[in-house]
Amino acid sequence: MNIGSIAMGAGFLLVLIGLWGILTRTHIIQIIVSFSVVDTGVHLIMVAAGYMHQRTAPIISEGLAASDAPSLVVDPLPQALVLTAIVIGLGVTALMLAFALRIHEKNDTLEIKNIERLRW
Amino acid sequence: MIRTFGIILTLIGVAFLFFSLFLEYETPLELSGSASYYAASTAEDTGSANLVSAIVVTYRGLDTLGEVTILFLTSSIMSYMLKTKKARNQRTFRESSELLRTASALLVPFIILLGVFIFVHGHLSPGGGFQGGAVLASALVLLLVADPLYTVQSRILSVIESSSGFLYVLLGLSGLLFGAGFLDSRVLPTGRVGELFSAGLIPLIYILIGLKVGTELSNLLSVFHSVQGQDLMEDEGGAR
Amino acid sequence: MVAMFNPIYFVVAGLAAAFLLTLFHNRERLSYFIMIIALSLMMLISLAHLASFLAGTGEIVQVFTAGFAPPFSINFQMGPPEALLTAIVSLVGLLSGIYLSEQLRKTGAYAQAVYIVLVMGMNAMILTRDLFNLFVFLEIVSIATVGILFLSRSRTSVNTGFTYMVASGLISVVLLIGIVFAYMNAGSLNIDTLSESLVMAGRGGSIAVLLITLAFLLELKPFPANGWGIDLYTSAPGALSALISAGGMSATYYALAKVLPVGQWSHDSLVAAVGGITFIASQIIALKQDDSRRLLGYSSIGQIGLLLVVLGFSEALGDRRDFIAAGLLITHALSKSILFYISDMVQDDSLRGWAALRRKPVLLVLFGVAAFALIGFPPFPSFFAKWDLILLLNGGTEGYYLLSAMVLAGSLIEAVYLFRWFSYALKLPHEDLPELASPTSRLIAPVTAALVLAGASWYVSTLVSGFSQSFLIPVAFILLVAVIDRLPAWSKNVISIAGVSLYIADLYPRIAGDLMTMIFAGIFLVGAVLTLLSGFYYKGRRAGFYPMALTMFAGLAALIEAATILEFFWGWELMAIGSYFLLIRGKKSMPHGLSYLLFSIGGSYSILYGFSLAAAGAGGVIAMSSLVGISVMPALAYSLMLLGFLTKTASIGVHIWLPGAHGEAVADIHFMASAILLKAGVFGLITVLLAMGSEAGYTRWILLALGWIGVLSALLGNISAAFQESAKRLLAWSSIGQLGYIVWGLASMSHLGWLIALGYSVTHFLYKGILFLAIGGIALKIGTPYMYKMGGLIKRMPYSFFAVLIAIITLSGVPPLVGFSAKWITYNLIISEQLYYQGFVILIAGIIAFLYLFRMIYTVFLGQLKDNLRSVGEISIWFRIPMYLLLIVILVLSFLPNTLLRPIGDMLSGIFPEEAIVWTGSRGVTSLGYFDGAMIMYVIVGIFVILTILFLLLRKQTQKVKQFNIFYSGEAPSRPELSHFSYNFFAHYRKAVGALALPLVTGFWDRVTEIIHAVSDFIRRIYTGNGQTYLFHIVLYVVVVFLVQSGGYR
């Protein structure tokens, strides 16, 4: 069990917790928070995917010549991906909050049970 | 009750799925296909010391352009979604403490400086446009906390935001016209790895991203800030 | 040239414009202009590539971003599928952008920027070959979608938008986890590299690929995890729904198609199953739907389900897969866009609210085009796609018989709700409905979409093998007539008659000598001229009549000319479209027109299925000869084809559409439908029976059943005819009975039987033609088809009376007219083939025929003339001309029955050598005796003359009674018709045998309808409207699919 596995496991756990929140909380803000938890869990999973034991950050410097990089650095790609994913998550969350404001204005409530629905 | 039970059962199913994946996970000992290429050739290809930056800006530059676009979308949508009514209520706030006000005035220039530093050195050290932009926006948070009535010059912000986005696309286009492809950062000389003026377009693009992200996040903040306690614009005749 | 249109410009143009126009956020006109320029640029790029691929000069363009080769950088690919799909997306994007101009301008530059990015994102999803990049653009599309959704600002759209965001967020989570694990297992994010990697070797990689596949499936809104998506359709502005349905779905569908190879196609059965379930379930749910937007949503999702089936069966469909998918996708995208645009203009969201379209005929036409295209009628691409799909599903090394049947069943249900809706628009009152919001600028989008659809239809038909371009010539002629629809009816009538005559002149040399074809060509096309001739009675414009009548005749002609079963099917479907529109023209014809169309479609699907088995047996050959000696499930194939054709002959069991549809049709249409259209079914039966023969063991049972269907049709048709109050319905039921004779004759598979059938086909055309024209003309003249409102018309309409008299004598089969010869052969057949049970019923039916014939001539022409009809004139001369032309033919044939029966007999001797009739002059001899038409005529005429002379001599003893020389009892009846002698004319018979005419069969079909609707109502209860429940559905869906699929990884 190294730190990668721990991060991976924690990521999955966070996703589960977030899902529980999304499916059981009835307040819209709480649902949004739960969604952020799920998102964070996924980011953790992504970072863990790039983790390699006893390697260093993928930055060439005095201590790390370009030629040694393949054997010394962790996988840089998941880090690039997680950056993108985080920003996307941020945008989505902000937009959800904006929707929450609008929902409150239209329905005078933030309880997901009470907002008007389309059915069948 | 049945519902909760169903949810629990389903989440057990999800847990089983995750567990199956988790069992398959082991930290790799060798870099895989593309990763080993990046590790071996990035410095030579792009002149960037920070491999992640090179991937973000050059190799997967299209993703980055996309994520910038997502922030742009979010702030654009919010700008018309959360329009407030013209007649603003007079808002009253508790005065911030003097400590906070003084400190913020003192700190904001430094925060901005730090943000700029982070995105200018994105190709050399950890960080980059997004991180720097986020730091820039945090300056605004501090300002708003210190003075809730602070009015953000959102017009200036959005002009900076739009023009840096536009310039970003133009820089990408220069790669297509003068380099080997859209967003090719080698239009400018790649220089020597580790120097400030190196890595071709990467620092320039990171500066634009930094500005864009900084202004976009500030915009989001100011929009949320401005709707506090305000009535949102009503339907404008949208029939449905 | 194409190099100028680098696909990366989609992104460059889209983003540059989006960023740029926000700088002009106070100048909405300028920024809107920039938006339109950018969208046009995207369309130009895709069209340039599409054009070069269509011209055959195109090459697949690969674009490497950043100048590094994949998998290290992201690359775009522009091949034929990408060119087509980006063209669709960009086109609908541009059209919706134009449609939304008002809202986009009002909301400002930011909304316009979001809109451009939305279209750009969809295009990029199609182009990119990188998995993670696909995810990024998917996110862009879903965020931009909610941004545009907000343009409508309604409460429901805000609530829906939130659920949509969380739902697509959850799907992204599934996708991201999948992408990460795929990367870990294969070291690449490039789709092409991944496809060649060993990603599926390990369990982790397999699960990852499953998750990726599942994420895209979920984005396509599979049943039942799609509540969040359907709400989107319901609450979005129509033009956005158009873009989502056409563009978003196409992009996501293609994304799924791209990732399937990553899993080495191991999930194709999953995709097919998900698609199949979604297709059927969505169609069933849509049945109960009354909100037009939601209905369109279900229908869109159903279509995607069908496309998923196509994708899932890639292996079975082979190199035709792309053709099928493209055909379905183009049709779906364009026609759904049209419908969504219209839905935005109609202010009342209920289905009935669409009757408001009658104020804008253009929109009504567009609605019809879209509906027929969606169902897969010719000439639209979906027709050829569906044809190929069914043929290939049934034709592979392992036939997917159940699946193809399900596809057809789903399409039938789709037809039910789309056409029910369409007939609402055609027929329901629209005076109280709110105005249409349809300024001319809003018509641009749907009209353009329809034009593109027409172009695509033409192009697709050129790609199909086994389909001759010459079948498009009549279609072009019809379009021409449609264009001049504003002219008065007589001018269109002249043009139409000229067109049909030209066609006959062209056709004749080709079919001369083939008597069987000649007979039916005569019935169809000479009938066409006669009907059109009677059309001169009409004063005014008669909007829409001529294109539709010509469509029907073009279809009938295609049946005759067909060299392949595809062409035959084309004709069959074309005829169904045309006749539907003709039958629905009557005032109360809405339900009947609908049931006609549904039975038509059901019948044609049954035929299609039979054809597909035939083609399967012939190894994919679709010449007409492939119907002979079918080797794959021949009994089923022939039965289905026969069943399909029986729907058109309105045989008992599938007859319920006819009395209403024909009974409510106007005069000349009535003639067209009953005397001509029904013969198409006979033609079909003959085609199948000739191919089937009667040697194989199973044919015995099929023929026995067919014979009894014919017999029962004759009996029940005639009984019901006797109990009708409406003269038109009486004739309609009588047609069922008459066609029963024909079916029975054909089923005997003997010389005499076929002689009867063919003889009846001709004579029925003749006398029914007369009767329909006469009765139709009278009903038109006096404004009612009810017989108790007529009476004594002999005084006012002597010419009609004489024609009707001759016709019913012919029909009843008494000497001396040609009907008797048919009867005489019937008795010969019964005896020679020993068909005693069937023969007995046929004889009874023949007797019953007298009842209704007597009733008709008696209550219409004889008896007392009603007061209000005292000054009514003879029916239109334009009805009398064709009537008397037909009458002359009857008289000729009566004197000389051999002119008709002898050549038919000679021809039949080639098919059934035994039991022929030997002709000498007008005298025909069989083993049972002889028959001489001319002699009988002399005898009868002689008797008649003698009686007339006697009558004239004894005339003095008769006394004229004035009409009012009667006494009233002083009672004023509440319903005057009840006291009329001709009301419930056969009350005593009704007591005795009325039970036979009870609508047992109707009850059966009603029950079927009820059950399906109940199922529909039950299933759709899962859409509770609670966003959280929808999210739960998504998670549950993932778990269930994982558990089902993970069985394969152990």
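Helices (H or I, at least four residues) and strands (E, at least two) are DSSP runs, numbered from the N terminus. This is a predicted model, in which local features need pLDDT of at least 70 and side-chain atom pairs count only at pLDDT 80 or more, while totals for chains, interfaces and linings use all residues. Residues are numbered from 1 along each chain as its sequence is written, chains are lettered from A and ligands numbered from 1 in the order in which they are written, and side-chain values use heavy atoms, with hydrogens and water left out.

**Exercise 1. Describe the interface of chain B and chain C, from its extent to its polar pairs.**

Step 1. Contact means heavy atoms within 4.5 Å. By this rule chain B contributes 62 residues and chain C contributes 72 residues. Buried area is the accessible area (1.4 Å probe) that two parts lose on being put together, summed over both. For chain B and chain C the value is about 5900 Å², with 69% of it on carbon and sulfur atoms.

Step 2. Count the polar pairs. A salt bridge requires a side-chain nitrogen of Lys or Arg within 4 Å of a carboxyl oxygen of Asp or Glu. Between chain B and chain C the count is one salt bridge. It joins the side chains of B:Arg60 and C:Asp130, at 2.4 Å from N to O. A polar contact is a pair of N or O atoms within 3.5 Å; within protein, one must be able to donate a hydrogen and the other to accept it, and residues adjacent in sequence count only if both atoms are side-chain atoms. Across this interface, twelve residue pairs are in polar contact, both residues being at pLDDT 80 or more.

Step 3. Assign the elements. On the side of chain B that touches chain C, two or more residues each come from α1 (2-24), α2 (33-46), α3 (51-59), α4 (61-81) and α7 (154-178) of chain B. Of these, α4(B) gives the most, with 14 residues.

**Exercise 2. Which backbone features do C:Met633 and C:Pro71 show?**

Step 1. Examine C:Met633. Its phi is positive, about 45 degrees, although C:Met633 is not a glycine. C:Met633 lies in the loop between α25 (590-617) and α26 (634-649) of chain C, and is partly exposed at a relative accessible area of 33%.

Step 2. Examine C:Pro71. A cis peptide bond with omega of about 10 degrees joins C:Pro70 and C:Pro71. C:Pro71 is in the loop between β1 (61-64) and β2 (75-78) of chain C.

Methods
Buried means under 20% relative accessible area, exposed over 50%, partly exposed in between (1.4 Å probe, protein chains only).
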